[in-house]
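Let's take a friendly walk through a protein model. Have the sequence and the 3D view ready, and follow along one part at a time.

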Amino acid sequence: LVQLVESGGGSVEPGGSLTLACAESEYMYVTYWMAWFRQAPGKEREGVASLGMGHREAEYADSVKGRFTISHDDAKMTLYLQMNSLKPEDTAMYYCAADTRQPRRPVLEPLSVDEYNDWGQGTQVTVSS
């Protein structure tokens with residue numbers, strides 16, 4: 001299993017910005033996918049943004065399109081989530097995830113929890129005034 005360690009969470013006022021980071025213990029090959037999920041109290045875990053490591057295709061939940069950006073630094077082996085124009089409804093625990101299952105097979109729903117087998121411990125994001 002790949003170890004994933006998130007950082008960068010915190011408290012911010014509405015309209016503010018945060019950048020989350022997820023450090024990986026192993027190299028993410030081009031066939032892998034990585035993603036950010038979030039879970040608010042009493043709600044199911046939902047996909048926020050995903051990134052195919054091959055062609056770097058990104059997908060976003062409708063609720064964050066235009067405000068969040070997912071990216072990856074290969075040299076630093078780190079996944080990022082830049083979050084701008086934050087809203088109170090963005091408050092949640094944010095998790096980094098990776099699909100490293102073998103044998104490889106197509107990821108059909110990049111924002112589905114069922115597509116990922118490696119998970120970080122999460123970092124809390126709180127948006128309030």
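## A cysteine to start with

Is Cys96 buried or exposed? Its relative accessible area is 0%, and buried means under 20%, so Cys96 counts as buried. Keep in mind as you look around that this is a predicted model.

You can find Cys96 in strand β9. Setting aside its neighbours within four places in sequence, Cys96 is in contact with residues from several parts of the chain, including Leu4, Glu6, Cys22, Met34, Trp36, Leu79 and Trp119.

## A sheet of four strands

Next, look for an open sheet made of four strands, in the order β1-β3-β8-β7, with antiparallel pairing. The edges are β1 and β7, each of which pairs on one side only. On average, neighbouring strands of this sheet are turned by 15 degrees against each other, direction ignored. As a general idea to carry with you, strands of a sheet pair through backbone hydrogen bonds, either parallel or antiparallel.

Now zoom in on β3. Five of its seven residues are buried, so β3 is largely enclosed by the rest of the structure. It pairs with β1 (residues 4–7) in the antiparallel sense over four bridges. Along this pairing, Val5 stands opposite Ala23, and Glu6 stands opposite Cys22. Strand β3 is also joined to β8, by six bridges, and these two run antiparallel. Here Cys22 has Leu79 of β8 as its bridge partner.

## The nonpolar cores

Which residues touch the most other members of the largest nonpolar core? They are Met34, Trp36, Phe68, Leu79, Leu81, Met83 and Tyr94, out of 28 residues in that core. The elements that give two or more residues to this core are β3 (18–24), β4 (33–39), β5 (46–52), β7 (68–73), β8 (78–83), β9 (92–99) and β11 (123–127). Strand β9 gives the most, with four residues.

Apart from this core lies another one, of six residues, with Trp33, Ala97, Val107 and Tyr116 among them. There is a general pattern to remember here: in soluble globular proteins, nonpolar side chains tend to be buried together.

Key. Residues are numbered from 1 along each chain as its sequence is written. This is a predicted model: local features need pLDDT of at least 70, side-chain atom pairs count only at pLDDT 80 or more; totals for chains, interfaces and linings use all residues. Side-chain values use heavy atoms; hydrogens and water are left out. A nonpolar core is a set of buried Ala, Val, Leu, Ile, Met, Phe, Trp, Tyr and Cys residues joined through side-chain atoms within 4.5 Å. Buried means under 20% relative accessible area, exposed over 50%, partly exposed in between (1.4 Å probe, protein chains only). Two strands pair if DSSP finds at least two bridges between them. Contact means heavy atoms within 4.5 Å. Axes are lines fitted to C-alpha atoms, for helices over the stretch in contact, and angles run from 0 to 180 degrees between N-to-C directions.
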